[in-house]
Amino acid sequence: DDSGMCGLGFFTKGGCRFERAGRDRGVSWLLERMVHRTNQKYSEEEVMQAAYDYSGQFLMKTEYREVVHHLAQCPKWHLEPCLDVMTSIIFAPTFAPEDVERGKLDAQRAAENVYREPSMVLFEHAHRTAFSGATIGEPHWPEPDELAKITAEDLHAYSRRFWNPDRVCVVVSGATQEEVQPILETLFERLPPFPPSDVVAEEAQYTGGECMIYNEDAPPTSDEKFMDRNNTHVALFFEGLPESHPDFLALGVLQSMLGGGTAFSQG
């Protein structure tokens with residue numbers, strides 16, 4: 001049935017867990033804000049027009065601090081051109097100087113807006129504390145000075161390391177493997193050679209701990225709710241279970257029963 005919609009996803013192990021202080025801290029945060037920028041095949045206007053024509057959007061996001069996905073949707077009859085745009089965004093970026101500077105402004109505004117969401121700040125401090133600032137505890141968003149230091153060369157190096165075709169998993173819904181595989185093979189054959197990836201995932205070690213923050217300079221009221229002196233935010237976090245654990249599903253059910261939100265989660 002060619003009238004249906006297809007969901008497209010490119011996944012790779014990446015994100016803040018793998019970033020290195022003084023080298024590429026904040027790069028994944030910045031890349032999320034540059035998904036519609038010009039690449040070697042399509043201009044920014046053409047990427048935006050493609051998203052409009054395909055009745056969807058191109059979205060890049062880091063999940064769980066260690067997985068980066070690039071998602072899109074399109075009608076089935078647009079499957080091949082949509083995949084062409086996605087592979088160009090992922091594997092053939094240009095990172096023009098003006099695009100990088102615009103992306104930095106967007107990334108800085110996004111980081112500043114985080115402090116209007118206390119739950120996000122609590123999760124950030126919880127991860128840094130629970131894993132002693134390493135692996136899963138690496139900062140999710142960069143400090144302004146770290147963001148300012150990122151160059152186009154840093155972005156290219158990061159993309160080559162993490163968006164290496166050998167590390168990417170492609171998931172498509174709404175079409176069969178027989179329909180998708182020839183398209184992907186053709187698109188991947190056109191890519192230039194990529195150097196072998198040197199990414200090594202250090203095992204995350206849960207340490208636990210406590211974090212207490214009191215800012216005496218905070219104003220009595222503020223749009224940045226986490227910095228509002230009249231508000232107190234308290235959260236307790238406990239170590240969860242990996243997906244391979246036999247009690248993983250039971251913990252997810254318990255989490256939902258305890259009011260863990262609308263999405264199934266064991267965290």
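**Figure 1. Strands E2 and E3 side by side.** In this predicted model, strand E2 runs antiparallel to strand E3 (residues 67-75), and the two share 5 bridges. Two strands count as paired here if DSSP finds at least two bridges between them. Strands themselves are DSSP runs of E with at least two residues, helices are runs of H or I with at least four, and both are numbered from the N terminus. Look for threonine 62, whose bridge partner in E3 is valine 68, and for methionine 60, which has histidine 70 as its bridge partner in E3. Together E2 and E3 make a hairpin with 3 residues between them. In that turn, tyrosine 64 has a positive phi of about 55°. As for the two faces of E2, Met60 and Thr62 sit on the covered one, while Leu59, Lys61 and Glu63 are on the uncovered one. In general, side chains of a regular strand alternate between the two faces of the sheet.

Residue numbers start from 1 along each chain as its sequence is written. Because the model is predicted, local features need pLDDT of at least 70 and side-chain atom pairs count only at pLDDT 80 or more, whereas totals for chains, interfaces and linings use all residues; side-chain values use heavy atoms, with hydrogens and water left out.

**Figure 2. The whole sheet, strand by strand.** Now step back to the open sheet of 4 strands, which is ordered E2-E3-E1-E4 with antiparallel pairing. Strands E2 (59-63) and E4 (169-173) are at the edges with a single partner strand each, so one side of each has no neighbour in the sheet. On average, neighbouring strands are turned by 20° against each other, direction ignored. That angle comes from axes, which are lines fitted to C-alpha atoms (for helices, over the stretch in contact), with angles running from 0 to 180 degrees between N-to-C directions.

**Figure 3. Glutamate 66 in its loop.** Which loop holds glutamate 66? Glutamate 66 lies in the loop between E2 and E3. Glutamate 66 has a relative accessible area of 18%, so it is buried; the cut-offs are under 20% for buried, over 50% for exposed and partly exposed in between, with a 1.4 Å probe and protein chains only. Its side chain makes a polar contact of 2.5 Å with the side chain of arginine 17. A polar contact is a pair of N or O atoms within 3.5 Å; within protein, one must be able to donate a hydrogen and the other to accept it, and residues adjacent in sequence count only if both atoms are side-chain atoms. Neighbours within four places in sequence aside, glutamate 66 also has contacts (heavy atoms within 4.5 Å) that include Thr12, Lys13 and Ile136.

**Figure 4. Into the nonpolar core.** A nonpolar core is a set of buried Ala, Val, Leu, Ile, Met, Phe, Trp, Tyr and Cys residues joined through side-chain atoms within 4.5 Å. The largest one has 52 residues, and among those touching the most other members are Leu8, Phe10 and Phe58. Helix H3 gives the most to this core, with 8 residues. Phenylalanine 58 has contacts beyond four places in sequence that include Val35, Leu71 and Met86.

**Figure 5. Isoleucine 90 in helix H3.** Isoleucine 90 belongs to helix H3 (residues 79-91). Buried or exposed, what is isoleucine 90? Isoleucine 90 is buried, at 3% relative accessibility. Not counting residues up to four places away in sequence, isoleucine 90 touches Phe10, His70 and Trp163.
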